Amino acid sequence: MPRCLVRGSIIKDFVRPGQTISSTELVKRLGGKGANQSVAIARAGGVVDFVGAIGSDGVGVRDDLKNAGVNVDQTRLVEESTGRAIIQVNAAGENSIILFKGANYASITPPPIHPDTTYMVFQNEVPLASTIEFLTLATASNIATVFNPSPMPTPDELRSFPFDKLTWLVVNEGEVSELCEALDVAVKTEGRDLVEDARKLVLGLAGRLPSTNIICTLGADGVLAKFRVSDDCVHLPAAKLQGPPLDTTGAGDCFTGYMVAGLMQLEEHGASEHIAVLQRAIQAAGMCVERAGAASSIPLSAEVESRLR
Ligand code: ADP
Ligand code: NA
């Protein structure tokens, strides 16, 4: 079985839903983009090794991650306290987050890489130097790489980032715009149509990063995909929800995890196979939005399949 290594963050989330002022409503749960994407890969049927760090107060969230089917043997126990986030979800399902990095910023030496590893996945909630170290290891071993630069690195960090080592870049509409600005990619957007503006930004960025596949998520407007083998940018609409959007927390991570698991399972790498993988990831992300919670709202692959039929 192909394996995926996620070098990323794990946090203890403290969530306060909107429409409530009672502190008894505070929900503690597993979070962090690295952990969430790992859970999504596992629920999608992929074999995943999570490489990150917790403090002694994080044994519970590490167990949660393990119970979700993620291999946590390379999750280190360090002196610092576990990373934390306080998430406020409003009535429209949008969220705002305050993040404490904690153990996620502890330095970690890379573990021996399992020989079956075909993908490595990164976000930006651990030191960027560590991401680059693992990225370099991946490229040396012919392992495909996926980077979701969230939260955005600084413009200086972006200018020196080794984008040539990236197989896949996953961004949202705000991130693609920041990337273009930092990398001096001049794009004129009109501010009328989100999808058209994002398409221009993605195509502009693709000109600068010719060896990278670029995926741009657009919330309720779906996804844009610019494959390196093709000159144009494909727009895929979002999934039809069965109710109102309840909680968008983790939808992007659910999408990225499902995308990675789908790519790992591909035997051929043509554009049409890639589109089918993205459509499954879009359906999974839509289901994540229909439910409260982040990691806990990531659907199982059988549930996703039944909605695609
Ligand atoms: P991020 O939180 O990383 O910015 P997005 O908001 O773009 O990510 O969401 C990721 C994906 O989740 C979208 O591409 C879409 O497929 C799905 N999604 C997000 N919001 C909605 C929504 N309101 N309705 C349907 N799908 C959604
Ligand atoms: Na959710």
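Analyst: Start with burial: a residue counts as buried when its relative accessible area is under 20%. The model here is predicted. Phe 227 has a relative accessible area of 3% and is therefore buried. Trp 168, at 2%, is buried as well.

User: How is a pair of aromatic rings described, and how many aromatic pairs are there by this rule?

Analyst: A ring pair is described by how far apart the centres are and by the angle of the planes. The count here comes to three aromatic pairs. One of them joins Trp 168 and Phe 227, with 6.2 Å from centre to centre and 80° between the planes, which is edge-to-face.

User: Which parts does the pair of Trp 168 and Phe 227 tie together?

Analyst: Trp 168 belongs to strand S10, and Phe 227 to the loop between strand S12 (223-226) and strand S13 (234-236), so the pair ties together parts 59 residues apart in sequence. Elsewhere, ring pairs link Phe 147, Phe 161 and Phe 163 into a cluster.

User: Which residues have the most contacts inside the largest nonpolar core?

Analyst: That core has 51 residues, and those with the most contacts inside it are Ile 41, Leu 65, Tyr 119, Ile 215, Phe 255, Tyr 258 and Met 259. Helix H8 gives the most to this core, with nine residues. There is also a second, separate core of 39 residues, which includes Phe 163, Cys 180, Ala 198 and Val 202.

User: What does Ile 215 touch, leaving out residues up to four places away in sequence?

Analyst: Among the residues it touches are Trp 168 and Phe 227, the two partners of the ring pair above. Ile 215 also touches Phe 255, Met 259 and Leu 278.

User: Is Gln 283 buried or exposed?

Analyst: Gln 283 is found in helix H8. Its relative accessible area is 9%, so Gln 283 is buried. Beyond its neighbours within four places in sequence, Gln 283 is in contact with Ala 239, Val 304, Arg 307 and Leu 308.

User: How do I read the largest pocket, and what is its volume?

Analyst: Rolling a probe the size of a water molecule over the atoms shows where empty space is left. The largest pocket has a volume of about 1200 Å³. It is lined by 46 residues, and the closest to its centre are Thr 248, Thr 249, Gly 250, Ala 251 and Gly 252.

User: Which element gives the most to the lining of the largest pocket?

Analyst: Helix H7 does, with five residues. Elements that supply at least two residues each include strand S10 (168-172), helix H5 (173-182) and helix H8 (271-290). By type, the lining divides into 22 nonpolar, 17 polar and seven charged residues.

Methods:
Residues numbered from 1 in each chain as written. Chains lettered and ligands numbered in written order. Predicted model: local features only at pLDDT ≥ 70, side-chain atom pairs only at ≥ 80, totals over all residues. Heavy atoms only, no water. 1 Å grid on protein atoms, 1.4 Å probe; cavity = no way out; pocket = protein on both sides within 12 Å on 5 of 7 lines; lining within 4 Å. Points joined across faces, edges and corners; volume = space filled by probe spheres on them. Helix = DSSP H or I, 4+ residues; strand = E, 2+ residues; numbered from the N terminus. Nonpolar A, V, L, I, M, F, W, Y, C, P; charged D, E, K, R; others polar. Core = buried A, V, L, I, M, F, W, Y, C linked by side-chain atoms within 4.5 Å. Buried < 20%, exposed > 50% of the residue type's maximum accessible area, 1.4 Å probe, protein only. Contact = heavy atoms within 4.5 Å. Phe/Tyr/Trp six-rings, centres within 6.5 Å; stacked < 30°, edge-to-face > 60°.
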